Amino acid sequence: IQSLDEKQLNVFHRFSQSNSSLKKHRSRSIFSPFFCCFRNYNDYHVEPPPANNKTLSLPPPPEENGSPPKPPAKFLLPEVSITDYGKNCVVIDLDETLVHSSFKPISNADFIVPVEIDGTVHQVYVLKRPHVDEFLQKMGELFECVLFTASLAKYADPVADLLDQWGVFRARLFRESCVFHRGNYVKDLSRLGRELSKVIIIDNSPASYIFHPENAVPVQSWFDDMTDTELLDLIPLFEGLSKEEDVYSLLQNLRSR
């Protein structure tokens, strides 16, 4: 904890305090229904997806009753590789955390990904968040990195192929690995097969980690601000977390200051 300076503390508090504004901001993304489905159309007046987009909507898993579900007999991740043995695990979100995607043409798109919907191929325009390359490379050095998104694999997998040029993501988890709990697709960290005291999740949506908020490093939603520096600012914090035997102690101390 002493290794973290005031700049790192200020960064963490800025991200933590942004949670209340993230939910409403995220709901305005046209990809909320297409990718993560965290919002209800009628409640937030979200523009519905194209009429032929209905095949992307999967039947939700059975609703859990009240409390978080029990871990499954088989975990989501394979055994830790020899190269990652002893490292903490960082779970990284995709949309509005690392990239922003749109059906509408974007002149400065970093990637254009074809996605088949109901027999028709649509072009998805993807913008990379500033400093994402540097951030991912550093995360790959320090952690066992897992991509975990509530988006469908038919979109997220090809985006990850283009984004992760260095093989940072040891595993990729998609919507079917989430738990549908009280209307949200939740990333249940207890299902990973990793010791929770060594797991960190970075995500722009608090709904994603409602089972394990004590493991979270929040990040502001990103859409198109090319002056954004949040991923760059987060690197010193993660350098500190990579050295912790128990991430809870550091994250809790940061929250209490």
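## Nonpolar cores

The largest nonpolar core has 41 residues, and Ile92, Leu98, Phe135, Leu136, Phe238 and Leu241 touch the most other members. Helix H7 gives the most to this core, with 6 residues. In soluble globular proteins, nonpolar side chains tend to be buried together.

Ile92 shows what membership of the 41-residue core looks like. Setting aside residues up to four places away in sequence, Ile92 touches Leu98, Phe135, Leu136, Met139, Cys145, Val146, Leu147, Phe148, Phe169 and Ile202.

## The chain overall

The model is predicted. Its chain has 257 residues, and 52% of them are buried. The secondary structure comes to 8 helices and 10 strands. Among contacts with a separation of 6 or more, 74% join residues 24 or more positions apart.

## Helix H7

H7 covers residues 230–241. At 1.5 Å a residue, its 12 residues should span 16 Å. The end C-alpha atoms are 17 Å apart, which agrees.

H7 is largely enclosed by the rest of the structure, because 9 of its 12 residues are buried. The buried set is Glu230, Leu231, Asp233, Leu234, Ile235, Leu237, Phe238, Gly240 and Leu241.

## The annotated aspartates

An unreviewed UniProt entry places the feature "active site" at Asp93 and Asp95. Asp93 is in the loop between strand S1 (89–92) and strand S2 (99–102). Asp95 is found in the loop between S1 and S2 as well.

Asp93 is buried, with a relative accessible area of 2%. That value falls under the 20% cut-off for buried residues. A polar contact of 2.7 Å joins its side chain to that of Thr97. Beyond neighbours within four places in sequence, Asp93 is in contact with Leu98, Leu147, Phe148, Thr149, Lys187, Ile202, Asp203 and Asn204. Leu98, Leu147, Phe148 and Ile202 are also among the residues that Ile92 touches.

Asp95 is buried too, at a relative accessible area of 0%. Its side chain makes a polar contact of 2.6 Å with the side chain of Ser151.

## Asn215 in its loop

Asn215 sits in the loop between strand S9 (199–203) and strand S10 (216–218). Asn215 is buried, with a relative accessible area of 0%. The side chains of Asn215 and Tyr248 make a polar contact at 3.2 Å.

Not counting residues up to four places away in sequence, Asn215 touches Leu189, Leu196, Val199, Ile200, Ile201, Val247, Tyr248 and Leu251.

S3 pairs with strand S4 (residues 120–128) in the antiparallel sense, over 7 bridges. Ile112 stands opposite Tyr125 in S4. The hairpin has 2 residues between the strands, and Asp118 takes a positive phi near 55 degrees.

Technical notes
Residues numbered from 1 in each chain as written. Predicted model: local features only at pLDDT ≥ 70, side-chain atom pairs only at ≥ 80, totals over all residues. Heavy atoms only, no water. Helix = DSSP H or I, 4+ residues; strand = E, 2+ residues; numbered from the N terminus. Expected span 1.5 Å × (residues − 1). Buried < 20%, exposed > 50% of the residue type's maximum accessible area, 1.4 Å probe, protein only. Pairing = 2+ DSSP bridges. Polar contact = N/O pair within 3.5 Å; in protein donor to acceptor, adjacent residues only side chain to side chain. Contact = heavy atoms within 4.5 Å. UniProt positions renumbered as here; feature names shortened; annotations may be inferred. Core = buried A, V, L, I, M, F, W, Y, C linked by side-chain atoms within 4.5 Å.
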